[in-house]
Amino acid sequence: MFRSIRCLILLMGLCMAGPLAADPPPHGVATPHPLATEAALEILARGGNAFDAAVAVGAVLAVVEPYGSGLGGGGFWLLHEGETGRQIMVDARERAPLAARSDMFMDDEGEVNRDRVMNGPLAAAIPGTPDAVDHIARKYGALPLSVLLEPSIRLAREGFPVDPIYHRLTSFRRDTLREWPEAAAVFLDGGEVPEEGFVIRQPDLALTLERLAESGRDGFYRGPVAERLIQAMDEAGGIWTEEDLSSYQVVEREPVTFGYRGMRVVSAPPPSSGGIALAQALQVLAHVDPDAGDDAARVHHQVEAMRLAYHDRARYLGDTDFVPVPVERLTDPHYAAGLAATIHPRRARPSDQLPGVTDVPGGEDTTHFSIIDARGNRVSATLSLNYPFGSGFMPAGTGVVLNNHMDDFTAAPGAPNAYGLMQSMANRIEPGKRMLSSMSPTFLEMDGRIAALGTPGGSRIITMVMLAALEFHKGADAERLASLPRFHHQYLPDHIEHEPDALDDDLKTSLQAKGHALEARSRPWGNLQVVIVEPDGRFEAAADPRGVGTASSESRSLAPCQ
Ligand code: DON
């Protein structure tokens, strides 16, 4: 009898996602920061669904990873509603200000002014994250935004300790932060990089989050916060207007969906290049027997598929609200079959033998988390300020450090961006346009297994997700997907970049013999967060061992009730 009552309570606790539940119901959560994972568990335990937890996590990451994402940035939130099976990409990508012009970063000598496109007010586009958290909470959440923002407000006010990643990225951007006194006062310690353990408090950000909690999107895009943003912009030589802020809206878009050898892949549509590039690369690889040949043959084909996908990325992609992009053609399996036929099985194709791009007319920064709840709701979200601490510019009295996503546009024909990406005039700056992204929050489905995954990493995001997808296809578990060694090719520059230990000496020699140039990076890259649901309903979650993130998974167990 005792056993069955206990069993009932246990079952009720597991099934009820009500506010009385002390422990979170079954879930899988993987985030890049322990405090964000804790916030997700708190919200799930209070009766929130995966969408609520995602809003809370996004807001906490804005506080504890101020270098990676935040209210001053944007991103892509891929959602799956358990009840309806509907999949939605909430596009919260930043938009160019309405006063932006295609040549705004060119200097008198006709060169791109790299400082202006990376640092300070002109580098910042109109943020999307504040609208995204309001939109997702209102439309998909079960709890009010005011509850979901509690953990972030608490952490902004009470502070969080500096960890090794904060220390490293602040060292990297120290000089830019020093140029902006508001940012320096919050993120540095007397103008110096704070030691590990130093507590970062953000009272102004707490107030801004409170306004968002009270008034939703209007708490950011209108009223006192908006006024401060515009005033600071005006004083610092920026070009934002009230209309830029009040007219900003997230857009719900249909994700890019395609198949790879029995696996369904759901990923980011334009203005991200992620879904299209993944569709091309994986559908090209579908024409190569994955078990034929040795490791060198496998890596060779994967690299050639990457090269072709990034080549088309460079030629065709931009914001589909502004330019025609042949999405259907680029994601068509027949098109991939044609591309696959051009790959030489044993020789690298020099990128300069592909049609040029300039003649076509006209790691840790950024963040990702994955959450799946017991009702089958899924979120895979990649959010960003672009470079660590974005533009470094923090309008006085807001606590919000602004992105430098203007650099993801094509600043001039043939001019690569900070990630070395060549892009066409389809991605040139236009007023109100969204800049091309590589962010690729993704869902994978194969034989009843489901994964939600993604990672930061600039141009390397797509290849990280691609390598993880190929491994998921082979049945790999969450830990393996997160820790997988990484290599990358992006058409230009024409070399295979690889993590220090990703390729062994024999493999390197064989790849060089096929004509590939190799470029070892001094550090590993990426911070992949993945949640998997097994066909029996078991949750698995893993945070990339390269970062400081944590994963939590709790599966429904009926064992005591048998
Ligand atoms: O949207 C993009 O593609 C980039 N701005 C993302 C930047 C990023 O992932 C930086 N992380 N290391």
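Buried means under 20% relative accessible area, exposed means over 50%, and partly exposed is in between (1.4 Å probe, protein chains only). Strands here are DSSP runs of E with at least two residues, and helices are runs of H or I with at least four, numbered from the N terminus.

This is a predicted model, in which local features need pLDDT of at least 70 and side-chain atom pairs count only at pLDDT 80 or more, while totals for chains, interfaces and linings use all residues. Residues are numbered from 1 along each chain as its sequence is written, and side-chain values use heavy atoms, with hydrogens and water left out.

**Stop 1: β16 and its partners**

Select residues 529–533, which make up β16. 5 of the 5 residues of β16 are buried, so the strand is largely enclosed by the rest of the structure.

β16 and β17 pair in the antiparallel sense over 5 bridges. Two strands pair if DSSP finds at least two bridges between them. Strands of a sheet pair through backbone hydrogen bonds, either parallel or antiparallel.

Step along the pairing. Q529 stands opposite A543 in β17. V531 has A541 of β17 as its bridge partner.

Which way do the residues of β17 point? F539, A541 and A543 point one way, E540 and A542 the other way, and all are buried.

Look at the turn next. β16 and β17 form a hairpin with 5 residues between them. Pick G537 in that turn: its phi is positive, about 90°.

Then select residues 449–454, strand β12. It is joined to β16 by 5 bridges, and the two run antiparallel. A451 has I532 in β16 as its bridge partner.

**Stop 2: the ligand**

How many residues surround the ligand? There are 17, and the closest are D365, T366, D408, S438 and G458. A residue counts as near a molecule if one of its heavy atoms lies within 4 Å of it. By class, the shell has 4 nonpolar, 9 polar and 4 charged residues. Nonpolar covers Ala, Val, Leu, Ile, Met, Phe, Trp, Tyr, Cys and Pro; charged covers Asp, Glu, Lys and Arg; the others, Gly among them, count as polar.

On its own the ligand has 340 Å² of accessible area, and the protein covers 98% of that. Such areas come from the Shrake-Rupley method with a 1.4 Å probe; for residues, only the protein chains shown count as cover.

Stay on H405. Its place is in the loop between β10 (378–384) and β11 (442–446). H405 counts as buried because its relative accessibility is 1%. Not counting residues up to four places away in sequence, H405 touches R93, E94, A123, S384, L385, N386, M435 and M439. Contact means heavy atoms within 4.5 Å.

**Stop 3: a three-stranded sheet**

Go to the open sheet of 3 strands in the order β13-β14-β15, with mixed pairing. The edge strands are β13 (487–488) and β15 (518–520), each pairing on one side only. Between β13 and β14 (residues 496–498) there are 2 bridges, and these strands run antiparallel. Pick H488: its bridge partner in β14 is E497.

**Stop 4**

Select residues 203–215, helix α10, and find T208 in it. Is T208 buried or exposed? T208 counts as buried, at 3% relative accessibility. Leaving aside neighbours within four places in sequence, T208 is in contact with L71, F220, V225, T398 and V400.

Now find D291, in the loop between α14 (274–285) and α15 (295–316). D291 is exposed, with a relative accessible area of 69%. From D291 to V325 is 34 residues in sequence and 34 Å in space, C-alpha to C-alpha.

Finish at R315 in helix α15. R315 and V325 are 10 residues apart in sequence and 9.9 Å apart in space, C-alpha to C-alpha.
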